[in-house]
Amino acid sequence: MTTAPWIQVEPSLRMRSEPRQGLQLTLFVPPHEVPQAVRGEFDKQLKKFVIEIRYLDDEDFKRETMDDTVCLRIGKNSRRLLGIELDTANLNVAQVQFQLKEVEEEIKRAVTKFLQKDQAQEERENYALAIKAIESKGEQLLNRSILAPAL
Amino acid sequence: MNRKTLHVVFNSLFGIGGFCNAILFPIVLETQPDSLAQLLKAPVNFLRQRLWWLWPASFLLAALAKFADKKICDRWGHDAVKEMLEILREKGFPGNKEPVHFHRVTLFKHKRWWLCWRFWPWSGWLVPVVRSGHTTLNHQTCFLAPDEADHAEGIAGRCWSTKAVILIPTEDSNMTLPLLNPEVNAKPHDPHAMAEIYAKETFMDTDWVLKKLPHSRSFLGIPVVVQGQPWGVIVVDSRATKIQCAKGILASYEEIARPFIKCLERLS
């Protein structure tokens, strides 16, 4: 159970600046697809570092294990990216000072792998927006000790 | 009596009815009065003689109390949603002095079954449930929203089927929807031709447009999702040729969305 405070994603990221132009109608990103806030903390029960992504509505998730290190939390109904579980024991990060870039790359790799598996979701902007939200708040998210407290 | 007190009363009646039905009356029925203490004999006998009507009456009491609680006391969800739609309306048309019904915000709920007299009831419909302001809400003004997205009607239907935010006309578009009302249209044109344009741009049937002669000339549709599943749509419609503050309305929606969606979970 994560108790870390939510970190709001900037409105500039939430609102699309360039609306897609149709002939008569403008299509914006649907608000329910855009991450509103993110948070991350080491979950002592799971023994994993969990990043959660919050949307306008709450939803149950199911886990999609991508590899030994990353497990994605995917919305049961909407198939949105709701969270990421990182097995820090398997994550190849420096023991004293982890590499933010490396973690982000690992997440991107897992999401790409998931989208290759579930091609129906490939066109959706949700995944790109979720990664963007994590990247924009990466330092704030991961400075809450990504490694298990005992390590 | 206020709603809070009524809620307590109805819940108590439901509890009493339920207790009698499920616990007290079955015990009374199974108990032999002769085996009881003198003090209990009289009330048990009293109940046993009247069980034939007390039992169905208590069942009816519980059912009616539950129904009344849902219909009367659960209005807070409806009222809260109405207030939130009002916020969106104020954001979209700030300081507007025109009559309230010139710019409206309506919440439509998707219902698989609905009696609309225009198509099969099981086709899938978007039915208006709450509207901003004090203007009337006609439940017959519903829009077809079937599984086949191509047959979805109106801005509401299109917004539902595409799950996207729709703005008509766009902020930078030169196009405006034709003015259909003959009373206010200073330059009369071919009504059928104008209705055809209006119908095409708003995804409606020309006959429906000719019959209703809608006044609205700009629309904004926002899909509403609850627990990851499409629930309905919010449609902002205005007599102005453009909705100037579409982004403001969307930003406001994002601000109120979480409590708004929580209220929708209670809205019947």
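The following questions and answers concern a predicted model of protein chains.

Local features need pLDDT of at least 70 and side-chain atom pairs count only at pLDDT 80 or more, while totals for chains, interfaces and linings use all residues. Residues are numbered from 1 along each chain as its sequence is written, chains are lettered from A and ligands numbered from 1 in the order in which they are written, and side-chain values use heavy atoms, with hydrogens and water left out.

Reader: In what order do the elements of chain B run from the N terminus on?
Author: Helices (H or I, at least four residues) and strands (E, at least two) are DSSP runs, numbered from the N terminus. Chain B has seven helices and six strands. From the N terminus on, their order is α-α-α-β-β-β-α-β-α-α-β-β-α.

Reader: What percentage of the residues in chain B is buried?
Author: Buried means under 20% relative accessible area, exposed over 50%, and partly exposed in between, with a 1.4 Å probe and protein chains only. Chain B holds 268 residues. The buried part of chain B is 46%.

Reader: Among contacts in chain B between residues at least 6 apart in sequence, what percentage joins residues at least 24 apart?
Author: Contact means heavy atoms within 4.5 Å. For pairs at least 6 apart in sequence in chain B, the part that joins residues at least 24 apart is 60%.

Reader: How far apart are the end C-alpha atoms of helix α3 of chain B?
Author: Helix α3(B) covers residues 75-92, which is 18 residues. The expected span of a helix is 1.5 Å times one less than its number of residues. For α3(B) this gives 26 Å, and the distance in the model agrees, because the end C-alpha atoms are separated by 26 Å.

Reader: Which residue with a positive phi follows α4(B)?
Author: Helix α4 of chain B spans residues 154-162, and its buried residues include B:Gly154, B:Ile155, B:Cys159 and B:Trp160. The residue after α4(B) has a phi near 55°. That residue is B:Lys163.

Reader: Which backbone oxygen lies 2.8 Å from a polar atom of the side chain of B:Arg217?
Author: B:Arg217 lies in the loop between α6 (206-212) and β5 (218-226) of chain B, and counts as buried because its relative accessible area is 14%. Leaving aside neighbours within four places in sequence, its contacts include B:Pro169, B:Leu177 and B:Arg239. The C-alpha atoms of B:Arg217 and B:Pro169 are 8.4 Å apart, although 48 residues separate the two along the chain. The backbone oxygen at 2.8 Å from the side chain of B:Arg217 belongs to B:Leu177.

Reader: What is the area of the nonpolar surface patch that includes B:Trp113?
Author: B:Trp113 is in the loop between β1 and β2 of chain B, and is exposed because its relative accessibility is 57%. Areas come from the Shrake-Rupley method with a 1.4 Å probe, and for residues only the protein chains shown count as cover. With B:Phe119, B:Trp120 and B:Trp122, B:Trp113 makes a patch of about 560 Å².

Reader: Which residue forms a salt bridge with A:Glu85?
Author: Side chains of opposite charge can pair when their charged atoms come close. A:Glu85 is buried, as its relative accessible area is 1%, and the closest N and O atoms of the pair are 2.8 Å apart.

Reader: What is the distance between the closest N and O atoms of A:Arg80 and A:Glu59?
Author: A:Arg80 is buried because its relative accessibility is 0%, and A:Glu59 is buried at 12%. The closest N and O atoms of this salt bridge are separated by 2.9 Å.

Conventions
A polar contact is a pair of N or O atoms within 3.5 Å; within protein, one must be able to donate a hydrogen and the other to accept it, and residues adjacent in sequence count only if both atoms are side-chain atoms. Patches are made of residues with over 30% relative accessible area and no salt bridge: like charges are joined within 9 Å, nonpolar side chains (Val, Leu, Ile, Met, Phe, Trp, Tyr) within 5 Å. A salt bridge is a side-chain nitrogen of Lys or Arg within 4 Å of a carboxyl oxygen of Asp or Glu.
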